[in-house]
Amino acid sequence: MADKKVIAVIFGGRSVEHDVSVLSGLQFIEALDPTLFEGLPVYVDPLGQWWTGDALRKRSTYPVSQDTQLTQLTLDLAATATDRPRFMTQKKGFLGEKTEYVPFDLMVPAIHGSNGEDGTLQGLLEFAGIPFAGCRSLGAAATMNKQFAKSVARQKGLKVLPELTVAKPEKGAFLDPEALSQQLETALGEDAFPVIAKPSNLGSSVGVSKADDIDALVAALMAIFRLDSMAIVEPFVPNLVEYNVAVRRNADLAVETSAIERPLSKTEVLDFKNKYLAGGTPRGPKLDTGPSEGMASLNRVLSPEELTADQEKTIRQTSTDVFDALALAGSVRIDFLCDSKTGELWFNEANTVPGSFAYFLWEAANPSVSFLQLTSDMISEGFRLSADRLGSTDAASGDATIFA
Amino acid sequence: MTNSSKTQPWHSETIGSNGASIIWLHGWGQDHTAFSRLAGLFSNTFRNRLFDQPGFGKTPITLVGNGTREYAEELASILEGTGPHVFVGHSFGVRVSIQLAALHPEMVAGIIGIAGAGLQKKRSIGFKLRAKSLQTWGKTTRIIDRLLGTKMRPRFEQRFGSADYRNAGDLRPTLVKVVNEDLSREAQRVTCPVCLIYGAMDTETPPEFGERYQRLMKNAQFHSLEGYDHWDILTRGAYQCEAVIKRFLEKNDLI
């Protein structure tokens, strides 16, 4: 049998979604076909340092303490010129420090939110010629910025809510409520309240809040600016329900959609705690119980009965269009907002590294896609897209040789 | 030998109705629900019957002091006239599967042994001396209690007995018998295809057991899964087990 491919799954990261990312990363490793692949956990701590070690495979290791036996890693950005991609690590030996190498074949970004899902990591890997799974830098960056993703969707004729983009004020300056009211009126029309304010570049409902008047909006925006430099303000959708669907390109290169879910929430807006720690047990997801946790344990209705055939068609078609328009890859979750009384639907956002890679939506799809199949397909796609990217980079092939 | 007239049915749950038959046998101290996640992954393509073995879950003890051979005989009698089946066992369940394959090869199409027990760990001389002295002390406390009416033995068990031993209740004679079993000879008699899966971090039934079983059996393959222990291989490790099991079943035409 051929050697197993080493799949480095990178998770954690300098992001507010650090903990959720740990779960998604471990779930991916646990769903790798062990006859084909060997998982290598790569943990990025909140300071941005990279680590590996068997202890990382257990949920009970988190939060990682200084006593945890881990090996610090550095990514070798020049290795693919001559060899397989690899990490470097310093080992203390008899004759002083020695560099050792940890080779791998493909990286799977499982970092949610900034510095991982936003195209930065993907750009780094593309630069270094390291094969990786999921979206390329373009799609990842485009979807991370909610306003940009919506503008592309709008151009494609897809239905999105109007929005006002607000930049973080200069240091020492404050938001001017009067100017903000004016801008709001221009963007959303008169009597815009209530509105929803959210960070432009974060996922997982982090920092999302409802404002009933201008004072509440200013307060909400100031809270958002601790997390992000841009915020978007949208009209509040009455009778709001959300629908999510996952999209991917299957092994036959056809774009397909998963089962649709309606996340359940007792509050009007899903906040982070509700979304990930459903059941009110903050320590719950750390149990070593395996894949039925994180996003997967969020209370949800799969294939909700109230959806009409037309609504389902709209959700599937819109998400496929978004997937194509933004050149996405991997398992992407597309989120929709819906007014349950009128049935109106709006494309809300695309998550290129969704919690738990949305495997539970694929397992509930018709035909069902197992998590094993999903990880294997994502890896194959990653190798294919990375191989397709550059083609020949020889200067002579483009007749661009100067130093003959 | 089977004796259906004496055998009480074991409680079981059936998952899935299409495809080949898989019988699931849980580990010591557990019941059929230990396989809920893993067996669920086979629900679309197999008929899965998850048993509670006697003394566990909803199946009462049938005979105090039964060993794994008697468990296997009872199961053979329950399954008489059906099969052959594929058996998936965890830990103690692997012992019963091996016994069954050795006693009734016609009933067993294949075995998937996850963290299979049934071999003796290689122990240091220090460990053996300590175990022997504890055994002697245990017997001594029993004699003293009998002669003087003291209650040293329960305190001794509380202090030195394993958790399984302390919690075994009426199954204690079975436990003592089972942990002292060595199934090397039975393993040599197994002719069906066998898939041995162990967690690389398992200290209860270390992967070395799997390698030994592989050498003893005629047609066995061994897999060590990184990052799993004796228990979480069935939960966190369910997908990896699924991948290995499906490939094994395909390769051996057991689907």
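Mentor: Happy to! Let's begin with one residue pair: Arg262(A) has Val301(A), in β14(A), as its bridge partner. Before going on, note that this is a predicted model, in which local features need pLDDT of at least 70 and side-chain atom pairs count only at pLDDT 80 or more, while totals for chains, interfaces and linings use all residues. Residues are numbered from 1 along each chain as its sequence is written, chains are lettered from A and ligands numbered from 1 in the order in which they are written.

The strand that meets β14(A) here is β13 of chain A, residues 255–263, and the two pair in the antiparallel sense over 3 bridges. (Strands are DSSP runs of E, at least two residues, and helices are runs of H or I, at least four, numbered from the N terminus; two strands pair if DSSP finds at least two bridges between them.) Both belong to an open sheet of 5 strands in chain A, ordered β14-β13-β12-β15-β16, with antiparallel pairing. Where does that leave β14 (300–302) of chain A? It stands at an edge, as does β16 (345–351); each has a single partner strand, so one side of each lacks a neighbour in the sheet. From one strand to the next the twist averages 30 degrees. (Angles run from 0 to 180 degrees between N-to-C directions, and axes are lines fitted to C-alpha atoms, for helices over the stretch in contact.)

Two loops of chain A are worth a stop. Leu253(A) sits in the loop between β12 and β13 of chain A, and its phi is near 70 degrees, a positive value in a residue other than glycine. Leu253(A) is exposed, because 8 other C-beta atoms lie within 10 Å. (The cut-offs: buried means 20 or more other C-beta atoms within 10 Å of the residue's own, exposed means 12 or fewer, partly exposed is in between, and C-beta atoms are placed from the backbone.) Asn239(A), in the loop between β11 (230–235) and β12 (240–249) of chain A, is also not a glycine and has a positive phi of about 50 degrees. Asn239(A) has 11 C-beta neighbours inside 10 Å and therefore counts as exposed.

For contrast, look at strand β7 of chain A, residues 106–109. Both of its faces are covered: Leu106(A) and Val108(A) on one side, and Met107(A) and Pro109(A) on the other, are all buried. In a regular strand the side chains alternate between the two faces of the sheet. Strand β1 of chain A (residues 5–12) runs parallel to β7(A) and is joined to it by 4 bridges, with Ile7(A) opposite Leu106(A).

While you are checking backbone torsions, two peptide bonds deserve a look. The bond between Phe193(A) and Pro194(A) is cis, with omega about -5 degrees; Pro194(A) lies in the loop between α5 (177–188) and β9 (195–199) of chain A. Asn366(A) and Pro367(A) are also joined by a cis peptide bond, with omega about 0 degrees, and Pro367(A) is found in the loop between α9 (359–363) and α10 (371–390) of chain A.

Now over to the partner chain. Here 15 residues of chain A are in contact with 16 residues of chain B. (Contact means that the C-beta atoms of two residues, placed from the backbone, lie within 7 Å.) Within chain B, β3(B) is mostly covered, with 4 of its 5 residues buried. Strand β2 of chain B (residues 21–25), by contrast, runs parallel to β3(B), with 5 bridges; Ser21(B) has Arg47(B) as bridge partner.

Is Asn66(B) buried or exposed? With 21 C-beta neighbours inside 10 Å, Asn66(B) is buried. Beyond its neighbours within four places in sequence, Asn66(B) is in contact with Tyr71(B) and Thr174(B).

Tyr71(B) leads us into a helix pair: residues of α2(B), including Tyr71(B), Ala72(B) and Leu75(B), meet residues of α3(B), including Val96(B), Gln99(B) and Leu100(B). The axes of α2(B) and α3 (residues 92–103) of chain B come within 8 Å and cross at roughly 65 degrees, so the two helices are roughly perpendicular. (Under 35 degrees is roughly parallel, over 145 roughly antiparallel, 65 to 115 roughly perpendicular, and the rest oblique.)
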